[in-house]
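Colleague: I would like to learn how to read salt bridges in a model. Can you take me through one case?

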Amino acid sequence: MNDQDRRSMPLFSIGIVKKLTELTARQIRNYEEHGLIQPERTSGNQRLFSFNDVDRLLEIKDLLDKGINLAGIKHLLITNKQMQQQKEMLSEKELRIMLKNELHEAGRMGKSSLRQGELSRFFQ
């Protein structure tokens, strides 16, 4: 079993999640109603949360503390998910081309790259 599978396992009841996140049960249910989290349900309809769900709730709490409303948070999370999916869709060849272009563009017209030193080992 890999780490991602472990982090996705539904383990925590809402009582434990309340303690871990310092959120109320009502807040947690509200975020679920808005589609920001999707905890698993037992046969008795009890919510069970994974490590990923707890991380997401802490991220939501942090964004709310920064003044972002729920609609903004939902937009951010959807955008981040789409960007992650696009990254996963890049083939190795496309990634190599993109990184090689980044290396060639580094230093031109004020552009800089944090990966420039690392990339130079692969492209000569």
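Modeller: Start with the rule. A salt bridge is a side-chain nitrogen of Lys or Arg within 4 Å of a carboxyl oxygen of Asp or Glu. Bear in mind that this model is predicted.

Colleague: What is the general idea behind such pairs?

Modeller: Side chains of opposite charge can pair when their charged atoms come close.

Colleague: How many salt bridges does the structure hold?

Modeller: There are 6. Take Glu32 and Arg41: their closest N and O atoms are 3.2 Å apart. That is within 4 Å, so the pair counts.

Colleague: Which other residue forms a salt bridge with Glu32?

Modeller: Arg47 does, with the closest N and O atoms 2.5 Å apart. Glu32 sits in helix α3 and Arg47 in strand β2, 15 residues apart.

Colleague: Is Glu32 buried or exposed?

Modeller: Buried, at 18% relative accessible area. Arg47 is also counted as buried, at 19%. Arg41 is partly exposed, at 36%.

Colleague: Where do Asp55 and Arg7 lie?

Modeller: First, the contact: their side chains meet in a salt bridge, 1.9 Å from N to O. Asp55 lies in helix α4, residues 51-65, and Arg7 in helix α1, residues 3-8, so the pair ties together parts 48 residues apart in sequence. Asp55 is partly exposed, with a relative accessible area of 37%. Arg7 is partly exposed as well, at 23%.

Definitions and conventions:
Residues are numbered from 1 along each chain as its sequence is written. This is a predicted model: local features need pLDDT of at least 70, side-chain atom pairs count only at pLDDT 80 or more; totals for chains, interfaces and linings use all residues. Side-chain values use heavy atoms; hydrogens and water are left out. Helices (H or I, at least four residues) and strands (E, at least two) are DSSP runs, numbered from the N terminus. Buried means under 20% relative accessible area, exposed over 50%, partly exposed in between (1.4 Å probe, protein chains only).
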